[in-house]
Amino acid sequence: METKYVAPKNRKALLEYANGNFFLDEQISYVCLEKAVCLPYQSGKGEGGVVDIHGKFQMNTTLNASFGDGSYSFEENEVKNENKDAIFIGTLYSVFGHVITDDLKKLWFLHSELGKKLLEEGADVVFITWHNQKLKPYVQHILSLAGVNLEAAKCIDVPTKYKHIYVPEDSLLYWGGKLCYTNEYRKTIEKIEQKIPWDNKPIVDKIYLSRTALHDWRDYGEKKVEKAFKEQRYMVVHPEQLTFEQQVSLYRRTKEIASTEGSLSHMFLFCRPQTKVVILKKANYINEYQMMINAFSKVDAIYIDANHSIECKNPWDGPFYLSLTRYLKHYLNVRKLDFFFLRLDFYIYILRFIKSRLL
């Protein structure tokens, strides 16, 4: 990992987090809960998840470990009773970066001997969605590549009790203060990769993955950054205009990929080992998912401070302001000045930042 294009205080934090192993060589398991209840998200009450017969919440049934107890009180007459078993596959979220990480982390159990036996015996596959949001089509598509038919699964929208609910452990989990992956997660990614054949298209030298066509309210300043990469002969790619399979195919045969840190860079999961990846930091925090992904795929990562985003309590929420910082100009070997503070979009960004904190 190269950090010479990162400010000293950020560099120290990155290097400290990157130190050590991101692979957890431990066999994960599951719990079987008799007469357990699966709770959907309820606004003003809780995130949802699974509670056992005694009302104890299962902490690995929210979106990820950053959420605490997702349970809430409910009346017995609100509960739908199913006289069968179920396998809980998680809180699914229609944000691309979470689909290829959090949405996959319990799927390993469906392909285990016990999981296959339960399915043969008629067990339901159940899940809840983040804040009851409807899943986008690409979620179903990616999970189908992982061997899961979501159309045959049940999205829980009312408290539902089963004879037994099997809750698999996460194949992405925190260990020793960092997000680690297990062999079960690797097998899930391999299952997806096996569904996407390698093609014989020409090797691509270097690409820049752009978010400019998304017109996301959180993104400002990227057009200048994109232009700078284009002038350095990077091919500009808008990933949302490609199918998932086309993205994987392209990244497999590209020598160098530059991207802002987030959902776009999480696709480095599917890069060949030693692919050169340039990660533009949109804000000054450690994206734990990305650090794990870099280790998982064995890419050669270069981190660059490329933002003038305002420091805040939850910097990952945005909005973000990208810029041709001195670190980025050093990497691209360009000499142009970037008077970002004179541009209208910078002041629009500031107003958006203030508005987002007041809501």
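User: Buried means under 20% relative accessible area, exposed over 50% and partly exposed in between (1.4 Å probe, protein chains only). By that scale, is Asp 219 buried or exposed?

Analyst: This is a predicted model, in which local features need pLDDT of at least 70 and side-chain atom pairs count only at pLDDT 80 or more, while totals for chains, interfaces and linings use all residues. Residues are numbered from 1 along each chain as its sequence is written, and side-chain values use heavy atoms, leaving out hydrogens and water. Asp 219 counts as buried, because its relative accessibility is 18%.

User: And which residue does Asp 219 form a salt bridge with?

Analyst: The partner is Arg 211, with 2.7 Å between the closest N and O atoms, where a salt bridge is a side-chain nitrogen of Lys or Arg within 4 Å of a carboxyl oxygen of Asp or Glu. Arg 211 counts as buried too, since its relative accessibility is 11%.

User: How many salt bridges does a search of the whole structure find?

Analyst: The search finds 21 of them. One of these is formed by the side chains of Asp 170 and Lys 106, at 2.7 Å from N to O. That pair links distant parts of the chain, 64 residues apart: Asp 170 sits in the loop between strand 8 (160-168) and strand 9 (172-175), and Lys 106 in the loop between helix 2 (96-99) and helix 3 (113-120). Helices (H or I, at least four residues) and strands (E, at least two) are DSSP runs numbered from the N terminus. Asp 170 is classed as buried because its relative accessibility is 12%, and Lys 106 is likewise classed as buried because the value for Lys 106 is 2%.

User: What about Lys 281, which residue does Lys 281 form a salt bridge with?

Analyst: Lys 281 is bridged to Glu 261, and their closest N and O atoms are 3.6 Å apart. These two also connect distant parts of the chain, being 20 residues apart, with Lys 281 in strand 15 (residues 276-281) and Glu 261 in the loop between strand 14 and helix 8 (263-266). Lys 281 counts as buried because its relative accessibility is 1%, and Glu 261 does so because its own figure is 4%.

User: Which residues are linked in a network of salt bridges?

Analyst: The network joins Lys 80, Glu 82, Lys 84, Asp 124 and Lys 154.

User: Switching to the strands, in what sense do strand 11 and strand 14 pair?

Analyst: Strand 11 (residues 204-209) pairs with strand 14 (residues 254-260) in the parallel sense, over five bridges, and pairing needs at least two DSSP bridges between two strands. Within strand 14, Ser 259 is the bridge partner of Leu 209. Strand 11 also pairs in the parallel sense with strand 13 (residues 235-237), over three bridges, and there Tyr 208 stands opposite Val 236.

User: Then Thr 260: what is Thr 260 in contact with, leaving aside its neighbours within four places in sequence?

Analyst: Thr 260, which is found in strand 14, contacts Tyr 208, Arg 211, Glu 222, Ser 265, Leu 280, Lys 282 and Leu 322, a contact being heavy atoms within 4.5 Å. Thr 260 is buried because its relative accessible area is 2%.

User: Zooming out, how many helices and strands are there in the protein?

Analyst: The protein has 11 helices and 17 strands, and the C-alpha trace spans about 70 × 50 × 35 Å along its principal axes. Of the 359 residues, 54% are buried, and among contacts with a separation of 6 or more, 73% are between residues 24 or more positions apart.
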